[in-house]
Amino acid sequence: MRAKTQHSAQTFLIGAIAVAVVVTGVVVTIALMDRATSTTRVPTSVTVNDESCGEGWLPPHSGQREIPVTNAGNSVVDVTLLGSNNLLIYGEIEAMAPGATRTLTAVIPPGRFRLGCTYSENATVYSPLVTVSGAAVHDAHPYQQVTYSQIAPLVTRYRADVSAGLAVLATDTDRLRVLIDTGQLVQAKQAWLVAHLDYARLGAAYDTFGDFNDEIDGRPNGLPQGVDDPGWTGFLRLEYALWQNQPAATVASVADQLDTYVHQLVLAFAEQTTPLNDLSLRAHEILENTLQFELTGETDQGSHTGLATAAANVQGTEMILGVIAPLLEKGEPTLLAKLKFELSQLAQLLKTYQLPDGTWTPVQSLTQTQREQLDGAIGNYLETVSPVPDLLEIPPEASSP
Amino acid sequence: MTSNDELANDSGPISTEADDGLATSISRRGFLRAGAAAAAAAGVTPALGSSPVQADQSHPFHGQHQRIVTSLPSHAGLFVSFDVIAPTRADMVELLRTLTDRIRILVTGGIPPFAGPAAPTSDNGILGPVIPHHQLSAAVGVGSSLFDSRYGFAAAKPAVLKLMASFPDDNLDPSQCQGDLSLVLYAAESDTVIHALRDITKYTRGMMQPRWRIDGFVSPPRPTGVPRNLLGFNDGIANPSVNSATAMNDLVWVQPGHPEPAWTAGGTYQVIRIIRMLVEFWDRVSLSEQELMIGRKRDSGAPLDGKLQSDIPNYAADPEGVIIPTTAHIRLANPRTPQTEPSRILRRASNYDRGIDVNGNLDQGLVFTCYQQDLERQFERVQTRLIGEPLVDYISPIGGGYFFVVPGVTSTSDYFGRSLVESTA
């Protein structure tokens, strides 16, 4: 899981301070570290009280700058370097503890800027506008924070897509259960793949479905008795039973259990809330898991369908990307186009490993060149998508209407 | 087997002076200082063929040749073979530019560029917030497979570049052999080469993928002189002098003219061989037998007919091999005759140690690398002489490849392989 702080503006109370006279303030110390020339100007510090944020700070020249910021107040504060429209963020420090000094790094073009200080009680205080002069820069990377009202409808749409997918999944696990209960194991193996890909397409990375993911698609790793552990359930457990020719009663019991969990998930999902930041996390986490578990063969319990799972994971990622695309279209059109292109390339590449009879090339049978092409294509997408979770992160204070 | 020890480059008669292989840690620093002084004095890049070696030392990265070739290996070495997966020639050129940019940044050092407030950092942070200056050296080579039909390079293949040959005593594992590109990284500390590898793979993920790798280390002098390999013998006692322009131009740098394509001038052929040493077996062999196989004393590194590591064995005085057997490794590798002089190579060895075999034996050995003007006239000739030497029972070449180290990057607008790309445009 991405470790970005989820506690940016939590109130941070220290016992003694609770009864002391509270003087909230931020000291901004500006040391100019010029990457190009390595010259350093004498640092200038500015003390502000709770009514202002770095008032009087001396702006640096344009370029990549490292600005030491000290929180002299008694509250946790987020400090941002903002463009004059108060929207574009050039640099930020999240959740500075009282007394802390941290570095605000930014690539600053010539123009007008201000500092913004957001305190735990959500009030934001701004410095006056200052003017940065100097040479033009081409590698500033400002971004604009996504708002609740932008992302909430997308989460609703995502949940509708997932709900529809879960309904299909439940139909297919019902069918799988019937085939197994009636001893049609050849057809059951095909139905197993259909249902498993239904699930893989939902992109259940990490905790999308809470504990259900372990119950529905868990691996035997970490269980005390491994593949013989009674706590191992779900698609992979059923794959193991089917492809290792386990007794019919065992297969039937595992299939019944899987179908039961799927129906429980259908009911539970309607009651679950989806954190707003989940969408952008899924944009990279699904395929991180694919690289880790499918392209290594780690999940393979005998069906050798890891590349089918990978292809379904790509479809799930495309679904996610389609949902969040409106958030990237305006600010990051190039990134969005690149992501779409790379995903489609990856989907095409995976498709070449499905044979005319519908079966898939086992990961274990790939040549070195084929492996390298797949690993490279998926790795390349993961590098490209890596800024997306931060770009689209909703700060906790904005996580409700 | 070229693999172990001093052998292959046991210094020939033409290069008894300024033998970098004899450098102690103190003289290594002296060597570096001397190089820097030469660079400062040089000022301009002389014409190939008459150049003082290590011409432009004023910049840590730019120069006529890839500098790592003529530098002593540092303690930590990383040897990685990549396959290029770039779909088009344009992407291949972009890969060469990206490789150049990353290596320039990694060698030069400095504050990594800020990727923005909403992006993972551009640098992996292993070396702290500032990449130290000039602590890394790197070499980029190209394998013969890069000259297939993919990128339009076929007509420009270096004259004798080919897939690494399998010699009669080899046990090559295909998964640890060959490759489109080679990357050799050296630094004083392991974190520095690992930092560089992480960086380079991150920025080239969709363009090339690692095929095999091995980590090496160079031991400190024990107690003095040339580092020892894991057979316990000094390894690399003699080499052609990197300070001799004549030696380098005769033996290492490819010169302009037939049969080599023009773009190769200033480059050099690189051989990497992963040579497993059967160390448990070796340690059960008597010292005298070990010394007869190698041709040197283990304690001093002196040839069996000499006193000092730097002594030159006198084979002419021992034609029957009574003192140094005619099958001794150093004698086969470098017979020190006028006829064998052109086959000498510039040898760069690191040790490796990577876990255990299924039978409990330690997986240790040598990452043998050498540089030469002509693979066939030099490495393959030497290796052919070594076929069947007594030492082969104790060593087992298992991987590696042949590569061509492209000419150096001379300016910020230059990039690895530019002359290759432009010659095939």
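1. A disulfide here needs sulfur atoms within 2.5 Å. Keep in mind that this is a predicted model.

2. Is B:Cys370 buried or exposed? With 0% relative accessibility, B:Cys370 counts as buried. B:Cys177 counts as buried too, at 4% relative accessibility.

3. Now for the cysteines that do pair up. Over all chains the structure holds one disulfide, and A:Cys53 and A:Cys117 form it, with their sulfur atoms 1.9 Å apart. The link is right-handed, with 65 degrees about the S-S bond. A:Cys53 lies in the loop between strands S2 (40-48) and S3 (63-70) of chain A, while A:Cys117 is in strand S7 (residues 111-119), so the pair ties together parts 64 residues apart in sequence. A:Cys53 is buried at 0% relative accessibility, and A:Cys117 is buried with a relative accessible area of 0%.

4. Next, helix H6 of chain A, residues 248-271. At 1.5 Å a residue, its 24 residues should span 34 Å, and the end C-alpha atoms are 35 Å apart, which agrees. Its buried residues include A:Val251, A:Leu258, A:Tyr261 and A:Phe269. The buried residues of H6(A) pack against helices H2 (148-181), H3 (185-201), H4 (212-217) and H5 (235-243) of chain A.

5. Finally, chain B as a whole. Its secondary structure comes to nine helices and eight strands, and buried residues make up 58% of its 425 residues. Chain B exposes about 15,900 Å², with carbon and sulfur atoms supplying 57% of that.

Conventions:
Residues numbered from 1 in each chain as written. Chains lettered and ligands numbered in written order. Predicted model: local features only at pLDDT ≥ 70, side-chain atom pairs only at ≥ 80, totals over all residues. Heavy atoms only, no water. Helix = DSSP H or I, 4+ residues; strand = E, 2+ residues; numbered from the N terminus. Expected span 1.5 Å × (residues − 1). Buried < 20%, exposed > 50% of the residue type's maximum accessible area, 1.4 Å probe, protein only. Contact = heavy atoms within 4.5 Å. Areas by Shrake-Rupley, 256 points an atom, 1.4 Å probe, with all protein chains shown as cover.
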